[in-house]
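Subject: Structure handover

Hi,

Here is the structure for you to open. My notes on helix packing and salt bridges follow below it.

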Amino acid sequence: MSTSLVSSRLADIPFAGIRKMFEKASKLEAQGKKVIHFEIGRPDFDTPVHIKEAAKKALDKGFVHYTPNLGILDLRQALSESIMTYKTVTYDPLTELMVTAGGQEAMYLSLMALLEPGDEVLLPDPGYGQFATSIRLAQGVPVPYPLQLERNSAPDLEAAERLLSSRTRAIIVNSPHNPTGGVMTPEQVQRVCEFAKNCDLLLFSDEAYDRMVFDGSRFVSPASFPGMKERSLIWGSLSKTYSMTGWRIGYLAAPAPLVAGAVKMQQSVLLSVCSFAQAGAAAALQGPQECVEAMVAEFQRRRQVILEGISHAPGLSALTDPRGAFYVFVKHDTPGKDSSALADYLLEHGGVAVVPGATFGQNGDGCFRISFATSYEDCKEGMDRIAQCMKDLLN
């Protein structure tokens with residue numbers, strides 16, 4: 001054929017680096033080798049029983065048809081109550097909340113609804129790779145800004161200010177942060193809010209890990225500060241909080257006009273989110289929350305094993321004190337090996353899959369991400385393997 005079968009809009013869309021590492025690890029496993037999976041960013045727990053039972057009950061009742069584009073009202077009301085409880089912000093379930101197929105769809109729909117071609121969006125570097133991808137698909141321009149990695153991975157606002165232009169429309173923040181696990185203090189969040197107001201920017205807040213904080217840290221949503229709800233969009237998810245990654249339930253909380261725009265996109269993309277999955281999600285929010293507390297406690301136990309392992313591995317150190325999510329961003333001092341080369345070395349020689357820091361942006365090179373969303377025993381074994389690899393490499 002004289003023309004490409006693939007649209008030019010996908011030319012700059014890379015294949016996800018995390019999936020590349022997963023596929024490499026899977027090939028080794030197919031050869032009979034045991035691989036410790038530190039690359040996968042999903043809880044390894046089963047979805048709590050009461051959530052699954054609610055979905056089964058909905059199926060048995062024949063709740064199997066299309067739902068409203070915004071999502072079922074019962075779930076939107078549950079989301080409104082949960083956001084008020086944990087974020088102290090009031091959202092109207094009729095006009096300011098929308099159920100999406102995971103937090104990632106909330107991101108995509110809102111960016112498509114907001115951006116004009118050429119609009120610029122500030123995004124964290126290092127940061128979640130789909131930020132830049134979704135901006136590009138919406139014909140926007142991603143503009144990476146650096147983080148203060150030693151200060152809870154808070155935005156370097158002085159550097160961000162130098163990146164502003166007449167086309168800058170918004171800034172993306174993420175706390176607890178992927179890939180570092182940093183959790184901004186309330187004072188740091190407030191400074192970001194003041195920056196957004198002073199520069200007349202919208203603020204996108206990725207809050208996928210809002211319930212996963214450790215060591216007395218406290219999650220604070222930017223939308224909770226005075227004057228911020230009207231310029232904030234929350235990308236939320238039940239995937240991590242309730243171990244529901246395969247259920248694909250997220251939400252968008254935003255000013256009514258932006259939600260209305262996102263609904264127009266939803267009509268053309270997905271129409272509506274799975275009906276019985278929404279029933280299960282409502283049960284997650286309305287039911288007992290001890291399951292979340294137990295999961296967070298286990299993550300904290302694993303986190304300690306990872307940090308102790310790093311302290312005993314030559315050439316490695318944790319850049320950010322990881323007080324949220326289930327990640328540690330590890331700096332490596334390995335002359336002659338960048339983050340991708342070191343990740344390949346750890347996989348091939350130690351049977352441990354990690355994610356190269358460069359996957360999360362230019363400022364991530366020289367680091368790799370460990371996800372401790374695997375068993376306590378695998379966390380211990382994986383860190384022993386990494387320590388031995390580093391000794392072999394550096395001696």
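Helix α3 (residues 73-87) packs against helix α9 (residues 275-286) at an angle of about 30°, and their axes are 9 Å apart. Axes are lines fitted to C-alpha atoms, for helices over the stretch in contact, with angles from 0 to 180 degrees between N-to-C directions. Helices (H or I, at least four residues) and strands (E, at least two) are DSSP runs, numbered from the N terminus. α3 and α9 are therefore roughly parallel to each other; that term covers angles under 35 degrees. The crossing of α3 past α9 is left-handed, meaning the near helix is turned anticlockwise from the far one by less than a right angle.

Which residues of α3 and α9 meet? From α3 come D74, L75, A78, L79 and S82; from α9 come Q278, A281, A282, L285 and Q286. Contact here means heavy atoms within 4.5 Å. The contact residues split into 6 nonpolar, 3 polar and 1 charged. (Nonpolar: Ala, Val, Leu, Ile, Met, Phe, Trp, Tyr, Cys and Pro; charged: Asp, Glu, Lys and Arg; polar: the others, Gly among them.)

This is a predicted model: local features need pLDDT of at least 70 and side-chain atom pairs count only at pLDDT 80 or more, while totals for chains, interfaces and linings use all residues. Residues are numbered from 1 along each chain as its sequence is written, and side-chain values use heavy atoms, with hydrogens and water left out.

Now the salt bridges. There are 19 in the structure, each a side-chain nitrogen of Lys or Arg within 4 Å of a carboxyl oxygen of Asp or Glu.

- R231 and D200 pair at 3.5 Å, N to O. R231 sits in the loop between β7 (202-206) and β8 (232-237), and D200 in the loop between α7 (186-198) and β7, so the bridge ties together parts 31 residues apart in sequence. R231 is buried, at 17% relative accessible area; D200 is exposed, at 59%. (Buried is under 20%, exposed over 50%, partly exposed in between; 1.4 Å probe, protein chains only.)
- D215 and R303 have their closest N and O atoms 2.9 Å apart. This pair links distant parts of the chain, 88 residues apart: D215 is in the loop between β7 and β8, R303 in helix α10 (residues 290-311). D215 is partly exposed at 39%, whereas R303 is buried at 2%.
- R302 bridges to E298, with 3.0 Å between the closest N and O atoms. Both lie in α10, 4 residues or about one turn apart.

Best wishes

Conventions. Angles under 35 degrees count as roughly parallel, over 145 as roughly antiparallel, 65 to 115 as roughly perpendicular and the rest as oblique.
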